Amino acid sequence: MTEDPSLTVADRRTVQAPEVLRVQGVVKELGGRRILDGINLCLRQGERVALLGESGSGKSTLLNIISGLEAADAGYVQVNGQPIDGRDPDASALIRRSAIGFVFQAFHLLPYLDITRNVAIPLLLNGCSSRDAIEQAKAMLARLGLGSRTNALPRELSGGEQQRVALARALVTRPQLLLADEPTGNLDPRNADAALALIHEQAQIDQTALLLVTHSGSAAATAQRRLRLNAGVLDEV
């Protein structure tokens with residue numbers, strides 16, 4: 001097979017990289033409507049993919065199925081070769097904690113904990129000691145430019161800073177797969193651009209596979225590959 005001369009060095013590495021996510025034949029019906037109709041998707045280590053679609057098209061549902069928060073009606077999902085199934089919440093939670101980072105539009109930070117402890121939560125759930133979890137959380141916050149705010153409560157931060165905390169929490173376990181669900185939806189344009197750049201930068205540094213759900217064409221343009229979900233079908237853009 002002849003190598004495509006248009007591929008960059010980074011693209012060639014991605015093509016040859018190990019598979020992180022495989023979605024095969026996933027079907028989901030809601031309210032008598034099939035919103036996911038045989039979805040197939042593969043992401044490799046270091047690959048950054050944007051998923052576009054109108055509101056209600058099923059983008060968030062697909063992310064929930066990939067992470068095991070919801071069960072598919074048919075088909076299967078594998079993360080690092082391990083099956084993940086929302087009908088087995090305990091097994092799915094183990095895979096989610098060890099291999100998946102999730103960045104939400106609404107941040108979902110705990111208001112009564114300082115940002116260091118917010119970021120440390122996934123490490124503690126994975127059995128890390130309190131001391132090590134705090135050290136790693138502070139290191140990740142410093143990496144994302146919040147080293148001087150580690151004792152702050154979420155309400156003391158701007159929206160852009162809160163999104164960085166949410167990203168730090170998603171990345172602190174060094175996940176192989178990062179799912180970002182409209183992560184800039186609550187940010188002004190300047191902070192949205194900064195958050196997107198940070199998400200891509202950190203995913204590239206850690207060689208994390210990124211699936212970025214968005215309705216924004218400009219946000220999608222920052223990814224290596226773009227897909228659109230429409231009428232239950234996933235197509236390349």
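Select β3 (residues 48–52) and β8 (residues 209–213) in this predicted model. The two strands pair in the parallel sense over 4 bridges. Strands here are DSSP runs of E with at least two residues, helices are runs of H or I with at least four, and both are numbered from the N terminus. Two strands pair if DSSP finds at least two bridges between them. Now pick Leu-51; its bridge partner in β8 is Val-213.

Before moving on, two notes on the model. Residues are numbered from 1 along each chain as its sequence is written. Local features need pLDDT of at least 70, side-chain atom pairs count only at pLDDT 80 or more, and totals for chains, interfaces and linings use all residues, while side-chain values use heavy atoms, with hydrogens and water left out.

Axes are lines fitted to C-alpha atoms, for helices over the stretch in contact, and angles run from 0 to 180 degrees between N-to-C directions.

Contact means heavy atoms within 4.5 Å.

Go to Phe-102 and Phe-104. How far apart are the ring centres of Phe-102 and Phe-104? The centres are 4.5 Å apart and the planes are at 0°, so the pair is stacked. The rule takes rings of Phe, Tyr and Trp (its six-membered ring) with centres within 6.5 Å; planes under 30 degrees apart count as stacked, over 60 as edge-to-face and the rest as tilted. By this rule the count comes to 1 aromatic pair.

Colour the two residues by accessibility. Phe-102 counts as buried at 11% relative accessibility. Phe-104 is partly exposed, at 26%. Buried means under 20% relative accessible area, exposed over 50%, and partly exposed in between, using a 1.4 Å probe and protein chains only.

**The four-stranded sheet**

Switch to the other open sheet. Its 4 strands follow the order β2-β1-β4-β5, with antiparallel pairing. The edge strands are β2 (33–44) and β5 (82–84), each pairing on one side only. Here neighbouring strands are turned by 25° against each other on average, direction ignored.

Select β1 (residues 19–30) and β4 (residues 74–79). They run antiparallel and are joined by 5 bridges. Arg-22 has Gln-78 as its bridge partner in β4. Helix α2 (residues 59–66) packs on this sheet, touching β1, β2, β4 and β5, and its direction makes about 125° with that of β1. Bring back α3: it lies across β4 and β5, running at about 115° to β5.

Now pair β1 with β2. They run antiparallel over 9 bridges, and Glu-19 has Arg-44 as its bridge partner in β2. The two strands form a hairpin with 2 residues between them. Zoom in on Gly-31 in the turn; its phi is positive, about 60°.

**Helix α6**

Select helix α6 (residues 159–171). Its 13 residues should span 18 Å at 1.5 Å a residue, and its end C-alpha atoms are 18 Å apart, which agrees. The expected span is 1.5 Å times one less than the number of residues.

How many of the 13 residues of α6 are buried? The count is 11, so the helix is largely enclosed by the rest of the structure. Among them are Gly-160, Val-165, Leu-167 and Arg-169. The cover includes β6, α4 (115–125), α5 (130–143), β7 and α7.

**Loops and cysteines**

Pick Asn-80, in the loop between β4 and β5. It is not a glycine, yet its phi is positive, about 55°. Asn-80 is partly exposed, with a relative accessible area of 33%. His-108 sits in the loop between β6 and α4. Its phi is also positive, about 55°, although His-108 is not a glycine.

Last, select Cys-42 and Cys-128. Cys-42 counts as partly exposed at 22% relative accessibility, and Cys-128 counts as partly exposed at 22%. The structure holds 0 disulfides, a disulfide being a pair of cysteine sulfur atoms within 2.5 Å.
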